[in-house]
Amino acid sequence: MDSRWVGPDGYEIVPAYRHDRQVLRVRRNGRVVADCLSVEEVARYVDLADLCEVIPLPVRAGDTRTAVN
């Protein structure tokens, strides 16, 4: 499962790879702002206390109320 964090003003932080090295990619409104090597670098762009981890909920088979199309 991939981790993803979202924050105010359209910020999103996702793990990514750049030149065979794992980075934390900071996006704002879908555009890449920076590839950060540390959490401290991410904090330059967004207040870490404002971030919320996105956790996808499991979908039960046959339950159309929670199914995503």
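Strands are DSSP runs of E with at least two residues, numbered from the N terminus, and two strands pair if DSSP finds at least two bridges between them. The model used here is predicted, so local features need pLDDT of at least 70 and side-chain atom pairs count only at pLDDT 80 or more, while totals for chains, interfaces and linings use all residues. Residues are numbered from 1 along each chain as its sequence is written, and side-chain values use heavy atoms, with hydrogens and water left out.

**Exercise 1. Work out the order of the strands in the sheet and find its edges.**

Step 1. Let's begin with β2 (residues 11–18) and β3 (residues 21–28), which run antiparallel and are joined by eight bridges. Within this pair, A16 stands opposite V23 of β3.

Step 2. Next, follow β3 to β4: five bridges link them, again in the antiparallel sense. Here L24 faces C36 of β4.

Step 3. Now take β1 (residues 5–6), which pairs with β5 over two antiparallel bridges. In that pair W5 stands opposite E53 in β5.

Step 4. Put together, the open sheet of five strands reads β4-β3-β2-β1-β5, with antiparallel pairing. β4 (31–36) and β5 (52–53) are the edges: each has a single partner strand, so one side of each lacks a neighbour in the sheet.

**Exercise 2. Locate the two hairpin turns and name a residue with positive phi in each.**

Step 1. Look between β2 and β3: two residues separate them in a hairpin, and H19 in the turn has a positive phi of about 55°.

Step 2. Move on to β3 and β4, which also form a hairpin with two residues between them. In this turn, N29 has a positive phi of about 55°.

**Exercise 3. How many disulfides does the structure hold?**

Step 1. Recall the cut-off: a pair of cysteine sulfur atoms within 2.5 Å.

Step 2. The structure holds zero disulfides.

Terms used:
Helices (H or I, at least four residues) and strands (E, at least two) are DSSP runs, numbered from the N terminus.
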